[in-house]
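Dear colleague,

Please find the structure below, handed over for your own work.

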Amino acid sequence: MKRFVLFLTVFSFVACTKSDDSSENNETTTFYKGMDLSFQSELEDYNIDYKDENGNSVEFLDFVQSKGTNLVRLKLWHTPQDGENGIEDVKAYAQRIKAKNMDFLLNFHYSDYWADPGTQTPPAAWQNMTFEQVKVAIYIYTKNVIQQLKGQNTLPEIIQIGNETDSGFLWDYGRVWGQFNDNWGNYAALVSEAIRAVREVDTENKVRIMLHHSSVENAIFFFNELQAFNLDFDIIGLSYYPQFQIKDLDLVTSKLNELANTFGKDILMVEVAYPFTLLWNDNQTNYIGSLDQTLVEFPPTPQGQKSYFEWLIQTIKNIPNNHGIGFCYWAPDWVAFNGNESTSTQGTSWENQCLFDFQLKALPALDIYNITN
């Protein structure tokens, strides 16, 4: 039986769209209404009884696709100690995504476990390498993964190079924070090798490359620092979790618009979520548990959760020059549940931010996935 993960240190906020280029007058053809379903292959081991709004049991992926989900994000760990989120998991679930005619976003963490602004640990297999050896390793590894996915006809539409790389990644090789603030050239060199690997496999130029920052308000500094390196990427990916970031919605809007106007890139809110209650359904402490962690405009209720996403979608769609290409809800499925007697790992710190309530019934916020492009 697979081991269920109890705690997370990573978050990401997603939005995304396909386009022919990332020029200033970019014409988008798809507004992405996405979900990060990286837990699903593990959660399925527990036969969780997800239900529609009327209480009828549903098959999860069928249901969210029928509601309007058109993008699924999966994270990839290099050599996961618990066996989850490795290449075989990703390949298997990618086939199911494509079978539903949904687009696929692959999130390379370049780590054996969670990577975020506070933790960017290289894979154990790379930790004693020189910088030049890591450059070769990231190229070979990335190329091998993309070749495997292309070989089974599941080439991602979007590939994310690193997860929430505010402080760089593959520390200390590509670290860009604190005493490493002069290390941007090494970070850019590693990113370039990963991008080169993708471009060499993607001979038909179908894949769009995304770089991911965890903060709406601080992303401008990050992408300004990268300007000198002329990195070949298409999408700015952002996380937005109100409990950790600015709560002034006008400022959020202005920062998004400034990003689009400054860099001329599409913007995908690649990690987003909002609570439908401040209560809990297990013995795990939740990431959100008090009113001051929420937005005054949107109460932590089922309707408040839905209204928040109505605001968010309109804000993304209003980003200048059609550069707002969508969103991706992080872990809408990570519910508390009654597992097998043989395991005590039944809890979650996220159940009040899911898109299913404590009876595992679909919440009203899922209706926002029915928006048209």
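**Aromatic contacts**

Tyr 46 and Phe 337 are both buried. Please note that the model is a predicted one. The rings of Tyr 46 and Phe 337 form a tilted aromatic pair, with 4.9 Å from centre to centre and 50 degrees between the planes. This pair links distant parts of the chain, the two residues being 291 residues apart. Tyr 46 belongs to the loop between helix H1 (40-43) and helix H2 (60-67), whereas Phe 337 is in the segment after strand E10 (324-330).

The structure holds 39 aromatic pairs. One aromatic cluster is formed by Phe 108, Tyr 110, Trp 126, Tyr 141, Phe 169, Trp 184, Tyr 187, Phe 221, Phe 222, Phe 223, Phe 233 and Phe 263.

Charged side chains also meet aromatic rings. Lys 75 lies over the face of Phe 39, at 4.8 Å from the ring centre. The charged end of Lys 317 is placed over the ring of Phe 31, 4.8 Å from its centre.

In soluble globular proteins, nonpolar side chains tend to be buried together. In this model the largest nonpolar core has 105 residues, and those with the most contacts inside it are Leu 106, Tyr 110, Ile 161, Phe 223 and Met 269. Helix H5 (residues 184-201) provides the largest share of this core, 9 residues. Apart from this core lies another, of 10 residues, including Leu 71, Leu 105, Ile 235 and Cys 328.

Which residues does Ile 161 touch, not counting those up to four places away in sequence? They are Phe 108, Tyr 110, Phe 169, Val 191, Ala 194, Ile 195, Ile 209, Met 210 and Leu 211. Among these, Phe 108, Tyr 110 and Phe 169 also belong to the aromatic cluster described above.

**Helix H4**

Helix H4 covers residues 131-151, which is 21 residues. The buried residues of H4 are Phe 131, Val 134, Ala 137, Ile 138, Tyr 139, Tyr 141, Thr 142, Val 145, Ile 146 and Leu 149. An α-helix has 3.6 residues a turn, so residues three or four places apart point the same way. The elements that cover the buried residues of H4 include strand E2 (71-76), helix H3 (87-99), strand E3 (103-108), strand E4 (158-161), strand E5 (168-169) and H5. H4 is followed by Asn 153, whose phi is positive, near 60 degrees.

**Thr 315**

Thr 315 has its place in helix H8 (residues 302-317). Is Thr 315 buried or exposed? Its relative accessible area is 7%, which is under the 20% limit, so Thr 315 counts as buried. Leaving aside neighbours within four places in sequence, Thr 315 is in contact with Thr 253 and Leu 256.

**Cysteines**

The structure holds 0 disulfides. Cys 354 is in none, and the nearest cysteine sulfur, that of Cys 328, is 14 Å away. Cys 328 is buried, with a relative accessible area of 0%. Cys 354 is likewise buried, with a relative accessible area of 0%.

With kind regards

Technical notes: Residues numbered from 1 in each chain as written. Predicted model: local features only at pLDDT ≥ 70, side-chain atom pairs only at ≥ 80, totals over all residues. Heavy atoms only, no water. Core = buried A, V, L, I, M, F, W, Y, C linked by side-chain atoms within 4.5 Å. Buried < 20%, exposed > 50% of the residue type's maximum accessible area, 1.4 Å probe, protein only. Helix = DSSP H or I, 4+ residues; strand = E, 2+ residues; numbered from the N terminus. Contact = heavy atoms within 4.5 Å. Expected span 1.5 Å × (residues − 1). Phe/Tyr/Trp six-rings, centres within 6.5 Å; stacked < 30°, edge-to-face > 60°. Lys NZ or Arg CZ within 6 Å of the ring centre and 35° of its normal. Disulfide = S-S within 2.5 Å.
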